[in-house]
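Subject: Structure handover

Hello,

Here is the structure I am passing on to you. Please keep it open while you read the notes below it.

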Amino acid sequence: MVAALKEENRITELHVEKEKPFRVGNIYVGRVQSIVKNINAAFVDFGCGMNGYLALDRSERFFYTKQARPGNTTCGDELLVQLEKEPVKTKLPVLNGCLNISGRFAVLVHGDSGIVFSRKIRSRTFQEEIRQQIEEKALLPENCALIIRTNAQDADREQIFEEAALLAQRYTELLSVAPYRTCFSCLYRGEHAFLELIRDYPMSSDLHVVTDVREFYQELTEKLPEIPARFYEDPQLSLTALYSLNTAFDQALGRVVWLKSGGYLVLEPTEALTVIDVNTGKCTDKHISREQHFLRTDLEAAREIALQLRLRNYSGIIIVDFIDLESKEHTEELMQCFRQELAKDRVKATLVDMTRLNLAEVTRKRVYRPLHEAVRELNRDAALKEAAVKSEESKNG
């Protein structure tokens with residue numbers, strides 16, 4: 001499945017998801033297979049054909065359904081684990097014993113306490129009002145914390161309280177049935193990745209969803225009925241063709257991105273980091289100075305780079321080689337523009353600094369896999385499936 005986000009008549013995000021036997025957010029009854037004391041971690045079989053990595057630094061807060069020695073995690077123990085990160089290349093999936101159940105306005109977290117607000121919610125009045133009401137209504141289960149998300153500040157207060165009560169109910173029901181479920185059972189299914197993208201989008205935005213996947217449409221209308229959604233059916237014109245998604249993918253996977261001014265970017269993702277080079281290219285203007293010419297190109301590049309990070313899902317360390325500017329004021333203007341553009345990203349992206357070599361350092365939190373990796377895996381799976389079909393046909397033929 002493919003999802004695209006279109007803003008101001010331009011596609012700004014692309015996501016690819018293949019069918020898997022598990023989803024991030026799923027909660028399982030897992031069994032400890034081995035413990036590595038020097039890294040204080042355990043490897044847990046959660047029933048999906050592979051072990052997951054589980055840090056034990058907060059093991060006293062885990063929910064065990066079977067434990068040989070209370071207070072100590074040992075091989076053979078059974079406990080609830082939540083899939084936090086999918087396996088990436090040679091890395092195992094990451095599990096978490098401090099479970100969380102997410103809603104649109106709040107997240108209920110097992111193993112913590114208190115009410116925490118998103119950093120973007122700065123209104124003290126709002127915080128005190130919500131905290132007081134949640135405490136008075138006794139909406140927070142024991143040994144749980146509630147994280148109030150950014151979207152909550154634009155929501156009706158009763159919606160927040162209703163969702164908090166629903167999360168608490170789901171959590172209580174989950175823990176009540178867990179001791180009676182067999183090992184490797186999935187007790188809670190995380191949301192579809194695309195549904196999570198929609199849920200996390202700011203409530204204040206004018207968001208409309210169009211999909212041609214009936215299963216996803218049904219899940220969306222059931223779980224997020226407040227989001228305007230339309231099921232698309234047209235045998236003459238596919239949704240992919242209507243929004244030129246193939247062209248968008250070709251551009252998002254390309255090495256070079258041209259700027260309107262005639263300059264261009266070269267983007268090189270590597271194992272350790274991503275490198276982006278800014279070039280003047282065909283950009284010429286005889287009516288302005290060389291310095292102004294470079295500044296204008298850099299400013300346009302800064303806006304485009306911030307968008308490309310979202311579009312391609314680049315994460316980790318990103319190094320940007322802007323065109324060198326002589327004026328410190330111009331350099332600061334460029335950095336300020338870059339910070340403002342990065343702040344528009346729903347995934348946390350931070351401009352660290354400009355190095356002595358005039359390279360801009362950026363870090364971006366890893367939430368989704370880079371687009372090129374997701375597409376490569378999808379193409380590889382399709383090629384293997386095609387090869388298997390041909391092999392079967394040759395045997396039968």
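The residues lining the largest cavity divide into three nonpolar, no polar and five charged. In this sorting, Ala, Val, Leu, Ile, Met, Phe, Trp, Tyr, Cys and Pro are nonpolar, Asp, Glu, Lys and Arg are charged, and the others, including Gly, are polar. The model is a predicted one, in which local features need pLDDT of at least 70 and side-chain atom pairs count only at pLDDT 80 or more, while totals for chains, interfaces and linings use all residues. Residues are numbered from 1 along each chain as its sequence is written, and side-chain values use heavy atoms, with hydrogens and water left out.

A cavity here is a set of points on a 1 Å grid over the protein atoms alone where a 1.4 Å probe fits but cannot get out; lining residues have an atom within 4 Å of a point. The volume is the space filled by probe spheres set on the points, which are joined across faces, edges and corners.

How many cavities of 30 Å³ or more does the structure hold? There are two. The largest cavity has about 50 Å³ of space. Its lining consists of Val16, Glu17, Lys18, Lys20, Arg369, Ala374, Glu377 and Leu378. Helix α9 (residues 371-396) gives the largest share of that lining, with three residues. Helices (H or I, at least four residues) and strands (E, at least two) are DSSP runs, numbered from the N terminus.

The second largest cavity has about 30 Å³ of space. Ile27, Leu99, Asn100, Ile101, Leu108, Tyr171 and Leu174 form its lining, which divides into six nonpolar, one polar and no charged residues. At least two of the lining residues come from β9 (100-102), and at least two from α2 (157-177).

**Gln82**

Ile27, Leu99 and Asn100, which line the second largest cavity, are also among the residues that Gln82 touches. Contact means heavy atoms within 4.5 Å.

Gln82 belongs to strand β7 (residues 78-85). Is Gln82 buried or exposed? Gln82 has a relative accessible area of 4%, so it is buried. The classes are buried (under 20% relative accessible area), exposed (over 50%) and partly exposed (in between), using a 1.4 Å probe and protein chains only. A polar atom of the Gln82 side chain lies 2.9 Å from the backbone oxygen of Gly25.

**The loop between β5 and β6**

Ser59 sits in the loop between β5 (51-55) and β6 (64-66). Ser59 counts as buried because its relative accessibility is 19%. Apart from neighbours within four places in sequence, Ser59 is in contact with Tyr64 and Thr73.

A salt bridge is a side-chain nitrogen of Lys or Arg within 4 Å of a carboxyl oxygen of Asp or Glu. Asp112 is partly exposed at 26% relative accessible area, and Arg61 is partly exposed at 32%.

**Other salt bridges**

How many salt bridges are there in total? The count comes to 16. One of them joins the side chains of Glu78 and Arg31, at 3.1 Å from N to O. Glu78 lies in strand β7 and Arg31 in strand β3 (residues 27-36), so this pair ties together parts that are 47 residues apart in sequence. Glu78 is buried at 10% relative accessibility, whereas Arg31 is partly exposed at 30%.

Glu341 and Lys344 also meet in a salt bridge, at 3.3 Å from N to O. Glu341 is buried at 16%, while Lys344 is exposed at 55%. Salt bridges also link Glu7, Glu13, Arg310 and Arg346 in a network.

**Helix α3**

In helix α3 (residues 193-200), the buried residues include Phe194, Leu195, Leu197, Ile198 and Arg199. Among the elements that cover the buried residues of α3 are β1 (2-7), β2 (10-16), β9, β14 (209-211) and α4 (214-223).

Regards

Note on methods:
A polar contact is a pair of N or O atoms within 3.5 Å; within protein, one must be able to donate a hydrogen and the other to accept it, and residues adjacent in sequence count only if both atoms are side-chain atoms. On a 1 Å grid over the protein atoms alone, a cavity is a set of points where a 1.4 Å probe fits but cannot get out, and a pocket is an open set with protein on both sides within 12 Å along at least five of seven lines; lining residues have an atom within 4 Å of a point.
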